[in-house]
Structures are given as structure tokens and as C-alpha cells.
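Subject: Structure handover

Hello,

Here is the structure I said I would pass on. My notes follow below it.

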Amino acid sequence: MGHDMRNAEAGQSTDDTQYARLVAPGFVTFTDVTPVGADELEFVISNEATGKFFLANRSTVQFFSLVKETGSVPHALAKAGIPSQQGDALVKRLVQSGLLVRSGETQSEADLKAAPIESKLISMRWDLVDASRITDILGWLGRLLYSPVGYLAWCGAMIAMVQALLANTEKLTLGLRQVFEADWRQFLIFGILYVALKIVHEMGHALAYRTMCLQEGLNPGPIRMGISIFAFTPFPFTDVTGAWRLRSVFRRVMIGAGGIYFETWIIALLAIIWSQTQTGMLQTVILQVAVFAGALALLFNLNPAIKLDGYYMLTDYFRRPNLAGRASQAARNFMARALGAQTSAIPASDFAYWVLSYTYRWTIFGGIFWLIYQFDKRLAPVAIAIILMTLVARPLFNSLKYSVKLGIRPVRSAAVLFFCAALTAIVFVPFPDRILLPGQLRTFETRFIESSESGHLHVADDNAFTLENPILEQRIIDVELRRKMLENLSRSAQSTAAERSSLTAEIDSFSQTGDELRAQLAAAQFSAHQTGIWTPLASEQYDAAWITPASTDRLGAYSIPVTPHLRLRLDQSLLERDIPLTQHTVLRVRAVHNPRCEFEALLESELANNIAIDGQLTLRANLAHDHAQCASELANGGAVVARLDTKSRSLLQRLQFAGARLLQNRLELNPQ
């Protein structure tokens with residue numbers, strides 16, 4: 001909304017010949033805007049030809065008045081007693097701002113530099129109309145809304161909106177789920193209403209500016225409105241930089257908040273209408289407009305990191321005009337100091353704002369790059385080039401140029417350049433990477449013994465038990481008797497060949513059924529092998545009792561010795577790192593409780609043959625033939641950590657993998 005002419009930078013000595021033709025044009029005026037109780041006088045210098053305004057202190061205004069009085073910049077500098085370097089920087093800024101022009105010139109922006117070409121590709125602006133006539137017609141509305149009665153009515157509208165939403169929470173939840181399921185007609189209506197809402201937003205700024213200026217007895221003048229494009233997204237704008245002429249901080253803040261103030265009036269009205277409508281196109285469109293308008297207001301309009309409403313409200317409230325320029329200057333001074341140059345003090349608040357805004361710009365450009373990449377991967381290199389030129393190359397070049405101008409120390413500069421080179425190497429140069437696979441050493445395979453049938457349990461002393469199931473045993477006897485009866489019938493001389501063939505088939509069926517029943521009964525019996533280890537659990541508790549599979553705990557655990565091997569766990573998210581998991585891959589293993597015990601193991605199965613359960617893959621690896629003796633001394637179940645060397649990657653590539661996991665939905669591999 002304005003620029004600050006109060007602080008002049010150090011520069012070269014003033015050249016009388018260079019400034020001999022500079023004059024103060026008649027279309028440049030200044031206004032006293034000192035707040036009540038302020039210790040220092042403040043003025044706004046107005047360029048009536050361009051509609052631009054600049055905040056200045058008393059010494060700047062005195063110098064400007066002397067230029068008008070004497071008609072000579074060198075004489076004005078000498079009469080005001082301004083030092084050479086400070087005067088040179090002050091005159092330079094006044095010339096760049098169009099407040100001092102060469103004799104005979106009528107335009108005030110003759111010396112302004114063109115924007116960089118990469119900035120033009122992502123940021124453009126068109127001044128379209130003068131909204132002052134519309135604001136004159138709607139002046140009554142501005143006087144009503146920007147009054148104590150209007151502010152109280154706004155609070156009432158917000159309370160009514162919240163009550164309407166709370167009274168229809170289920171309807172709101174269902175509507176939010178259906179916001180993105182609308183058809184093309186609903187989206188078309190949404191687009192028209194949203195554009196209309198943005199026009200109302202900008203008209204809120206214009207009406208606020210006109211109303212606040214009239215309240216302080218100032219002429220609002222022209223109010224220019226137009227369209228700006230930032231990052232391929234159109235934004236309407238209203239030029240109200242004349243707000244710097246106002247003495248009241250509250251009025252200037254209300255001008256910055258005027259758009260959202262008007263917008264929330266419309267959103268509250270839409271919310272009340274939505275609460276009274278039935279399910280249909282109108283309800284969906286109203287909710288779409290309200291949701292998107294509210295979300296964009298929080299993410300963009302009220303965000304002080306970007307030069308929109310929130311930024312100007314912040315600078316107005318804390319009286320920090322041109323905060324973005326101050327922040328950029330603080331960053332340049334910081335770099336110049338790092339290179340050993342002497343600079344002015346760096347305000348902590350300005351530098352903190354630069355860090356915030358710079359981080360936010362990376363976030364925005366990162367999102368833009370992702371959208372471009374999703375649209376067409378071939379455009380990604382162009383997007384990266386623009387982003388690096390805008391956020392890295394040009395700011396770095398300008399900062400280095402500024403630092404060299406102030407004078408840098410060679411040793412300090414070499415140290416900083418070495419640090420930057422090392423940081424670049426860390427970010428871009430690949431270096432070895434590895435992942436760690438936790439697991440256990442297995443020398444025994446353990447399975448839990450459970451009852452598969454109902455029956456009487458009898459536990460023996462020799463680590464065995466039997467299960468007597470009279471019903472199952474009787475079924476086996478019945479099947480055997482029927483089989484024998486059929487065998488006798490088949491031997492009868494009176495039976496025909498067809499009858500004997502049918503009997504033979506039935507005999508085979510009964511034989512198969514009997515085998516299955518006997519196998520079922522045998523499976524319910526258990527006898528531990530001499531090499532195995534039996535650990536009774538619930539078997540002694542259920543001895544001589546009738547048990548059923550559904551009501552019985554595990555009877556015991558049976559462990560048999562196996563070839564020593566490792567069971568390792570791999571998190572599924574690590575699969576995106578192109579892990580070389582093939583059969584016989586060499587792993588370096590270390591015992592957790594004995595770090596000096598290290599040995600090698602060979603992967604037994606390939607990655608494609610594994611199943612992910614709860615996001616974890618279980619891998620089996622066999623100990624190498626020449627493994628260390630300490631590996632043989634590890635107990636069954638001993639905790640180990642296996643190291644798997646992976647492809648070398650830079651820090652940037654690692655961040656890309658981390659970002660990919662955040663931006664895409666990962667599906668489980670072969671879920672069970």
C-alpha cells in the first residue's frame with residue numbers, strides 16, 4: 001500500500017553535475033499524518049500523476065521543500081546540512097520513486113527499472129477501471145457499514161451464521177462430503193458466484209477507502225481496480241495506497257480488512273439461506289462458495305507472508321510500511337555482514353519476516369511445481385528453472401552485488417563460499433545410504449498346540465497327550481462296518497457286474513471317509529519328539545476334562561531345532577527407496593546386546609515373494625558359512641540389527657522421497 005522514504009541507505013558522494021537538472025514537480029505534494037501522541041512527525045508524499053504515496057520523516061520533507069524553494073538539489077542538500085553519502089542515497093531513492101524528475105519531464109516513473117523477465121512469467125498486472133464513480137453511488141452503504149451500528153450488525157450476522165451451522169451439523173457434514181461431487185452445471189454456477197463474491201470483496205476495499213478518507217476530510221481521488229496474475233492464478237486488486245495519508249491506524253487497518261469484511265457479510269447471508277434450503281443444486285453451490293471463500297481467506301487474504309490483505313493490515317497496525325522491502329534489505333545486510341561488510345543494524349523483526357515470507361514462497365512455488373508436474377511432466381524443467389531463477393539466482397546475485405559495493409573481507413568471503421559449497425555438496429551430491437532392519441536370531445521354530453477337536457484330554461508324563469472323542473470314534477466304527485458290509489455284498493455270486501461296479505464305488509467312498517476321520521482323530525493327539533522342547537501351558541489345567549476348540553486355551557508350545565537364521569522386519573514405506581533386495585544379498589548384522597558381535601548373513605527370499613502385514617514385510621536371511629563365533633553363542637530370539645547398503649542418494653533426493661510419501665496415497669503390497 002505504500003513505500004517508506006524515511007531511511008536512506010549509505011551510498012557514494014553526491015555529484016552536483018548529476019543532480020543539477022533535478023527538480024521537484026508540482027504534482028508531488030506531502031501531507032502530515034502524524035498519529036496523536038507520536039514522538040516523531042510523519043508525512044505522506046503523494047505523486048498525484050501516478051497515484052503513488054510514500055511515507056517520509058521530517059528531514060525528508062524539509063529537504064523536498066528546500067528543493068522546491070531553491071530549485072536546486074545540491075543547494076537544498078547544503079542548506080539542509082545532510083551529509084554527502086546520506087544525501088546521495090536519499091536523492092537516488094526520490095528519483096527512483098518519481099518524486100524528483102529531470103527538468104522538462106512530465107512522467108514520474110522515468111527511472112523505474114523493468115521487472116525481471118522471470119517475474120513477468122509468473123506475475124502480471126492490468127489496471128482496468130476507476131471505481132470512484134461506483135463508490136460515490138454506494139457511499140451510503142459505506143457510511144452505514146463502517147459505523148458503530150454497522151460493526152454491531154456484523155457481529156450479529158456472525159453469531160447468526162454460527163448458530164445456523166451448529167443447528168445443522170449433520171447437514172453440514174453431509175454437504176462437505178458432497179462438495180467435490182457436484183456436476184458441471186453446479187461448478188459453472190459456483191464459478192459465476194465466486195467471481196461475483198471477489199468483486200464484492202474488492203468493492204469492500206474501495207468503499208472502505210472512500211469512507212475513511214471522507215471521515216478524515218481527505219479527497220479519495222481515483223480508485224483504480226484491475227486484475228493481477230500470480231503463479232498462473234488471477235486475483236482482482238484495488239489500489240488504495242492513498243490510505244497512508246490517514247492518521248488513524250484503525251481506519252487504515254479497516255481499509256485492509258474491508259474486502260474480507262464485505263465478504264463475510266455475504267458468507268453469513270449464504271449460510272443462513274443454506275440452512276433453510278433442501279438438498280439440491282442450490283444448497284451444494286452455496287456451500288461450495290462459502291467453503292472456498294473461507295478457506296482462501298485464511299490461506300491467502302489473511303496470510304501476512306504474501307502481499308495481500310493480511311500483509312497490509314499487519315504493516316498498518318505496527319506502522320511498518322514497505323515491510324517486504326525492509327525485509328529484503330535486512331536479508332541483503334545479513335549476507336553482507338556474513339561476508340565481512342559494514343552495514344546498518346539489522347532489525348530482528350524485519351529479518352524474521354523475510355524468513356517467514358521466503359519460506360512461504362517456497363511452499364507456494366513447490367505447490368505450483370507439483371501441479372505443473374501432474375499436468376505435464378515435460379513442463380517441469382521450465383518450472384524448476386523459473387523457480388530457481390526467482391527464488392535463488394537473482395536474489396543471490398543482487399545480494400552479492402550489494403555486498404561487493406559495501407566492501408567485503410576476502411578471508412570471511414572465502415569461508416562463507418566454502419560453507420555454501422559444502423552445503424551445496426550435502427544437498428546435491430549423492431552419498432552412501434543404508435537402512436537398518438531390526439529382527440531376531442531364530443534357532444528354534446515354535447508352534448502352539450491347540451485342540452482341534454472336542455473330547456476328553458489325558459496328559460501323559462512323557463510330554464504327550466491323547467484326546468478321546470467317543471462320537472468321532474463311533475463314526476469311524478460305523479463307517480468301517482458299512483464298508484465291510486458292502487465288501488460282502490460285492491462278493492455275492494448273485495450280484496451283476498453293474499451292481500458290483502456300484503458297490504465298489506461306494507466301498508471306495510467309505511474307505512476315504514474312514515481315512516479322513518482317522519486322520520482327524522490322529523491330528524488331535526500329540527507326542528513331543530526327543531529333540532524338541534515341550535512347554536506345557538493349559539494342558540495340565542484341562543487334564544481329564546472335556547474340552548472344545550472354542551473354549552480351550554493353548555495347551556502348550558512345542559519348539560524344534562532348526563538351522564540358525566534371521567527373521568528381519570522391513571517397513572513398507574522404505575520400498576520407495578529402490579532397495580536392492582534379491583536372493584543372496586549380503587547383510588551386515590550386529591547383535592543388539594553385544595555391539596562387538598558382528599557377522600554376515602545372506603538374504604534367502606526375494607522381495608517379490610514376501611507379503612506385507614500391517615505395513616511390515618518379514619524377510620528371512622541365513623547366516624554366512626564363515627560367520628563369527630559370537631553368532632553361534634546368541635540365544636534363540638536374540639535381538640539383532642541388519643544393515644543393508646542402498647543406492648547412493650543426495651539430501652535433495654531423500655527429501656523428494658519424503659515428499660512423495662506425503663503427496664501420494666500408498667497402497668499396501670500384497671495385503672492379506
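What percentage of the 672 residues of the chain count as buried? The figure is 39%. Please keep in mind that this is a predicted model.

Overall content and confidence

The chain has 20 helices and 21 strands. Among contacts with a separation of 6 or more, 72% are between residues 24 or more positions apart. The average pLDDT of the chain is 76, and 80% of the residues score at least 70. Residues 106–114 have a pLDDT below 50, and this stretch makes 15 contacts in the model beyond near neighbours in sequence. Residues 665–672 also stay under 50, and there the model has 19 contacts beyond four places in sequence. Where pLDDT is low, the predicted coordinates should not be read in detail.

Nonpolar cores

The largest nonpolar core has 24 residues, of which L566, L568, L587, V589 and F599 touch the most other members. At least two residues of this core come from each of strand 10 (431–449), strand 16 (556–571), strand 17 (586–591), strand 18 (598–603), strand 20 (616–623), helix 19 (629–632) and strand 21 (639–649). Strand 20 gives the largest share, four residues. Another core lies apart from this one; it has 22 residues, including A24, F63, L77 and V91.

Leaving out residues up to four places away in sequence, L568 touches L437, P438, G439, L587, L617, T618, L619, A621, V640 and A642.

Strand pairing around strand 20

Strand 16 and strand 20 are antiparallel and pair over seven bridges. One of the residues involved is L570, whose bridge partner in strand 20 is L617. Strand 18 also runs antiparallel to strand 20, and three bridges join them. Here L602 has N622 in strand 20 as its bridge partner. When you look at side chains in this part, recall that in a regular strand they alternate between the two faces of the sheet.

Record annotation

The UniProt entry, which is unreviewed, lists "transmembrane region" for residues 144–164, 184–200, 253–274, 280–302, 351–373, 379–397 and 409–431. I looked at two of these spans in the model. Residues 379–397 are 95% helix and 0% strand, with end C-alpha atoms 26 Å apart. Residues 409–431 are 83% helix and 4% strand, and their end C-alpha atoms lie 33 Å apart.

Aromatic residues

The structure holds 13 aromatic pairs. F334 and F351 form a tilted pair, at 4.8 Å centre to centre with 35° between the planes. This pair links distant parts of the chain: F334 belongs to helix 13 and F351 to helix 14 (residues 348–375), 17 residues apart. F334 counts as partly exposed because its relative accessible area is 46%. F351 is also partly exposed, at 21% relative accessibility, so it falls just outside the buried class, which is under 20%.

A second pair is formed by Y358 and W362; it is edge-to-face, with 6.3 Å centre to centre and 85° between the planes. Y358 and W362 are four residues apart in helix 14, so about one helical turn separates them. W362 is partly exposed, with a relative accessible area of 35%.

There is also an aromatic cluster made up of Y146, Y151, W154, F250, Y261 and F262.

Two single residues

N333 sits in helix 13 (residues 323–338). Is N333 buried or exposed? N333 has a relative accessible area of 4% and is therefore buried. Apart from neighbours within four places in sequence, N333 is in contact with T343, S344, I346 and Y402.

L481 is in helix 17 (residues 470–490). L481 has a relative accessible area of 49% and so counts as partly exposed, since exposed means over 50%. The C-alpha atoms of L481 and F510 are separated by 9.6 Å, while the two residues are 29 apart along the chain.

Regards

Note on methods:
Residues numbered from 1 in each chain as written. Heavy atoms only, no water. Core = buried A, V, L, I, M, F, W, Y, C linked by side-chain atoms within 4.5 Å. Buried < 20%, exposed > 50% of the residue type's maximum accessible area, 1.4 Å probe, protein only. Contact = heavy atoms within 4.5 Å. pLDDT = per-residue confidence, 0-100. Phe/Tyr/Trp six-rings, centres within 6.5 Å; stacked < 30°, edge-to-face > 60°. UniProt positions renumbered as here; feature names shortened; annotations may be inferred. Pairing = 2+ DSSP bridges.
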